[in-house]
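Below is a walk through the structure, with the contact between two chains taken up before the chains themselves.

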Amino acid sequence: MKSLPLSYLRRRPLGTVLNVLLLGLGIATIVVLLLLSRQVEENLTRDAEGINLVVGAKGSPLQLILSSIYHVDAPTGNIPVAEAQQIMTNPMVKKAIPLALGDNYRGYRIVGTTAAYPEHYGTAPAEGRLWDGTLEVTAGAQVAQELNMSIGDEVVSSHGFGDGDTHGDHPMSVVGILEPTGTVVDRLLLTSVETVWEVHGAHAHDDHEDGHHDDEHHQDGEHSHDDHGDDHSHDDDHHGDDHDHDEKHSHDEKHSHDEEHHDDHSHDDDHHDDGEHSHDDHDDEPTVAASAPPPGPPGLQIPGMISSEDYDPSAEYTSLLIEYATPMAAATLPRFINTQTNMQAAAPAFQTARLLGLLGFGLDAFRVFGFVLIAVAALSLFIGLYNALKDRTYDIAILRSMGASRGKVMQHVLTEGLLLALGGALLGLVIGHLAAEGLGQFLETAQGVSLTGATFVPEELLLVGLAVVVGAVAALLPAVLAYRTDISGVLARG
Amino acid sequence: MISVQNLRHAYDGTTVLELDQLDLEQGGRLLIHGLSGSGKTTLLHVLAGLLRPTAGTVQVAGEPIYDMAEHARDQFRGRRIGLVFQRLHLLPTLTVLDNVLAAAYAAGMTQDGARARDLLATVDLADKADAYPEQLSYGQRQRVAIARAVMNKPTVLLADEPTASLDGTRSQDVLDLLLAQASEHNATLIVATHDERIRDAFNTVLEV
């Protein structure tokens, strides 16, 4: 004899399909959320692993983290190498990796850095080698695969992070392809900081020849000198008169250098405007500084550390990725940087948690939607079973008359509910994983975010459990009615 | 062997059934005769262990069935009592063969497919084993119901108005089938009916 509950489900295929589908869609919604949020969280955590602090130009700390660790948003600006070195040599810093950002190649960001960067993410060239001289790049695994790159290929970077101007006069060559890591490095092109400077310096000149790209510059947070205007006004706020001289000194140096540079070209009006602007700031500043007393002790910053002779003053990093030498650093270093320097320090762990919190709000809305679907499915399941049961009181009475106990007929109805629920859960898992995979592939091409449906999270078992509970609850009242069937009364009405 | 003493049953305070004494030996034939609403279905249900009477004792095959726990009574009914109802109540989602096997399933006994097929052959429905009840005529369904009732080799075979919807010839066929099946298993046969045509086949008639 075939299974009675199954035979009843087959008897009303439309109702069965509807119930399974409703529950399946509810479960699928939650599965997609689970899979994606888990992977986003994992990706965010993996990319930021071992990085305790990011130091960059002042601005939104979240933006700094996004641009310097995840390479999504635009950078907040740049920081002078001298100031960066002050942090890099700080005894509380175990490892500091400089980054210079600003260009992309066909949508993949070019990152000027040191060999410590790929090392940090545990990758090394699978083919070829790391960049050595300037104008050499080593491609991340995914970039190489997607763009079908091979060693010796020429890369002409574009300015900014969209389809900006190309740096046609500074072609770079691919000298290596990195092993895949499953981290953000796979989607980057790595080169030396000097390469970025060189390409960029040229770009800045091009800009000034054209004389109309400054706005774009600002938006992208490029190596723009305007940032200095902002930075120095900050400094003045903090340190007042004590350091004015030194800073003006380095600033002047910078400008003289720039002017030399620009003399070659003879169209530096725009640039001069910028320079003058920041100088104006300095002139105006003392009154502002006087009205707003400096918040920190003025002696903490050592003016001598900013040595204008040691580096090319036009050279700037975008940010530093820092690993602490001691847990104590977490308490003091960020505060020191934020209050005593022109730079800001942002902790990836904190900012990532904030970002997930923001995302979580949207995810919660979806989750509620998923649970509403499940609740509707439960109701539909109940109505289906209840109606079916009314048509079936004679069948139940007959089964009882043939010796089936109350428990047995109750069990039949519960089994029917559970079969529907398990069917829904199974369908939900299948749809959920397929949808997550589809969404992952869409996001991968659109956003360069790698997500997949081919992974499982333990919570899915809880969802199956939830479906079973839903099935059992929906079947409970009909099952109790089956249990209580008045056999004699039903048969006598015959 | 069936024994009933001082039986009384009331619905909502209205007595619908009173029977001081009824004794029937194993293999006996009893016709319960009465008009509609005379309480004959009630008596049949009480005898089948489906309806606990308001008062009185009922023994079937020597067992006081209403002294049993409900679960035990269900099992006793499944294994010892075969029932045929006026409305045939085949399970619509199961095939003819599975409907016969359902008797064994409900009683928690081994589902003997060979026996079920033999029974279907006996009631001349061997070729309908895989058909569904809705594909059968009323007469065919009645024969399936009888096959199902005797599937577990019951000691008591109870039938409620088995011939009510049938014309003379078919009525006689059904009666013959019930008598033959009861004889084959030496089962006590009790038929409740208002149908005068089948009266002669019974050695005992109880008027209610």
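How many residues of chain B are in contact with chain A, and how many residues of chain A do they touch? In this predicted model, 27 residues of chain B are in contact with 20 residues of chain A. On the side of chain B that touches chain A, the elements giving two or more residues are helix 1 (40–47), helix 2 (70–80) and helix 3 (96–106) of chain B. By residue type, this side of chain B consists of 12 nonpolar, 10 polar and 5 charged residues.

Chain A has 494 residues, of which 44% count as buried. Its secondary structure comprises 17 helices and 13 strands. Among contacts in chain A between residues at least 6 apart in sequence, 79% join residues at least 24 apart.

Two single residues can now be placed, one in each chain. A:T76 sits in the loop that runs between helix 3 (61–70) and strand 2 (79–80) of chain A. Is this residue buried or exposed? A:T76 counts as buried because it has 27 C-beta neighbours inside 10 Å, and the cut-off for buried is 20 or more. From A:T76 to A:V137, 61 residues apart along the chain, the C-alpha separation is 24 Å.

In chain B, B:R170 belongs to helix 6 (residues 168–184). B:R170 has 14 C-beta neighbours inside 10 Å and therefore counts as partly exposed; a residue would need 20 or more to be buried, and 12 or fewer to be exposed. The C-alpha atom of B:R170 is separated by 25 Å from that of B:S38, and these residues are 132 apart along the chain.

Technical notes: Residues are numbered from 1 along each chain as its sequence is written. Chains are lettered from A and ligands numbered from 1 in the order in which they are written. This is a predicted model: local features need pLDDT of at least 70, side-chain atom pairs count only at pLDDT 80 or more; totals for chains, interfaces and linings use all residues. Helices (H or I, at least four residues) and strands (E, at least two) are DSSP runs, numbered from the N terminus. Two residues are in contact if their C-beta atoms, placed from the backbone, lie within 7 Å. Ala, Val, Leu, Ile, Met, Phe, Trp, Tyr, Cys and Pro count as nonpolar, Asp, Glu, Lys and Arg as charged, and the others, Gly among them, as polar.
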